[in-house]
Amino acid sequence: MTLQGSLTHEEYCDQLLAETGKLREIVRSADLSATVPTCPDWTLADLARHVGGAHRWVGTIVATRASENVDHADVPEGAGPEGEDAAALDAWLAAGVEQTVAALREAGPDTEVWSWTPAQHTGFWARRMTHETVIHRADAALTAGVPFEVPAPVAADCLEEWLQIGELPVVLARFAERGTKLCGPGRTIHVHATDAPPGLNAEWLLDLTGEAPTHRRTHEKAAVALRGPLTDILAVLYRRLPADSDRVEVLGERALLDEWLTWAQFG
């Protein structure tokens with residue numbers, strides 16, 4: 001199982017900066033004490049610290065060419081500034097992502113470093129941090145009540161990564177501990193982005209009929225179909241938008257989709 005992205009390393013670096021910039025806009029203008037509805041244990045300030053801390057953690061892994069996990073306590077300025085000052089938090093986010101992107105660009109995509117997946121290289125982290133920031137920007141947008149949109153190629157790649165991660169042995173082993181029997185005959189899910197530009201191939205078939213989940217990019221009949229705009233489809237799969245939202249359409253065995261979404265809470 002490989003974790004192959006559709007963007008170049010430089011495109012991931014550019015998008016990581018852009019996504020963080022959009023998050024920073026929210027941090028500068030919204031109530032930092034507001035509870036994040038999709039992460040109710042966090043305030044908006046907590047969310048920003050989580051994202052900025054993740055950036056600096058990855059930046060440390062890449063810059064030091066770490067061959068094993070780095071303790072978050074050992075990440076320079078990983079906890080962020082003291083207090084809830086928006087300007088200080090904004091500056092910390094900016095400095096952290098710039099340091100991380102500089103380290104990623106200097107290393108290139110193929111430098112060997114530790115990750116929690118079989119993809120032990122810096123390219124994994126450029127992609128992972130881009131999509132981590134995309135999804136948490138969705139959280140921030142929901143908290144602040146502002147629109148959330150993602151460029152179509154980035155949203156499609158984020159969705160593809162979500163499906164790839166769901167097939168990793170390390171993730172499957174964790175969810176097997178729940179004792180849930182997810183796979184079985186006839187259990188298939190079709191995901192169809194209705195607004196994707198031509199050539200993006202933004203349709204997926206999630207196949208749960210074997211011993212473990214697999215997926216492929218295709219237009220194919222399934223037991224249940226999830227249809228809607230690409231950004232909204234992504235939000236549903238990451239549980240940032242309920243599947244019963246009027247922004248998407250579910251056709252067929254709704255219970256199967258709900259079961260999968262409940263099972264696959266790894267984002």
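Five strands make up an open sheet of mixed pairing, in the order 5-4-3-6-7. Strands here are DSSP runs of E with at least two residues, helices are runs of H or I with at least four residues, and both are numbered from the N terminus; two strands pair if DSSP finds at least two bridges between them. Strand 5 and strand 7 (249–252) lie at the edges with a single partner strand each, so one side of each has no neighbour in the sheet. From one strand to the next, the twist averages 15°. The model is a predicted one, in which local features need pLDDT of at least 70 and side-chain atom pairs count only at pLDDT 80 or more, while totals for chains, interfaces and linings use all residues. Residues are numbered from 1 along each chain as its sequence is written, and side-chain values use heavy atoms, with hydrogens and water left out.

Turning to strand 5, its pairing with strand 4 (residues 203–207) is antiparallel and runs over four bridges, with strand 5 covering residues 214–217. A hairpin of six residues joins strand 4 to strand 5, and Trp204 stands opposite Arg217 in strand 5. Strand 7 pairs with strand 6 (residues 224–228), also in the antiparallel sense and over four bridges. Here Arg227 has Glu249 in strand 7 as its bridge partner. Helix 7 (residues 230–237) packs on the sheet and touches strand 3 (188–193), strand 4 and strand 6, contact meaning heavy atoms within 4.5 Å. The direction of helix 7 makes about 130° with that of strand 6; axes are lines fitted to C-alpha atoms, for helices over the stretch in contact, and angles run from 0 to 180 degrees between N-to-C directions.

The structure holds seven aromatic pairs, where rings of Phe, Tyr and Trp (its six-membered ring) pair if their centres lie within 6.5 Å, with planes under 30 degrees apart counted as stacked, over 60 as edge-to-face and the rest as tilted. Trp57 and Trp114 form an edge-to-face pair, 6.0 Å centre to centre with 70° between the planes. This pair links distant parts of the chain, 57 residues apart: Trp57 is in helix 2 (residues 44–63), and Trp114 is in the loop between helix 3 (86–107) and helix 4 (122–144).

Trp162 belongs to helix 5 (residues 152–166) and Trp260 to helix 8 (residues 254–263), so the pair ties together parts that are 98 residues apart in sequence. Both Trp162 and Trp260 are buried.

Key:
Buried < 20%, exposed > 50% of the residue type's maximum accessible area, 1.4 Å probe, protein only.
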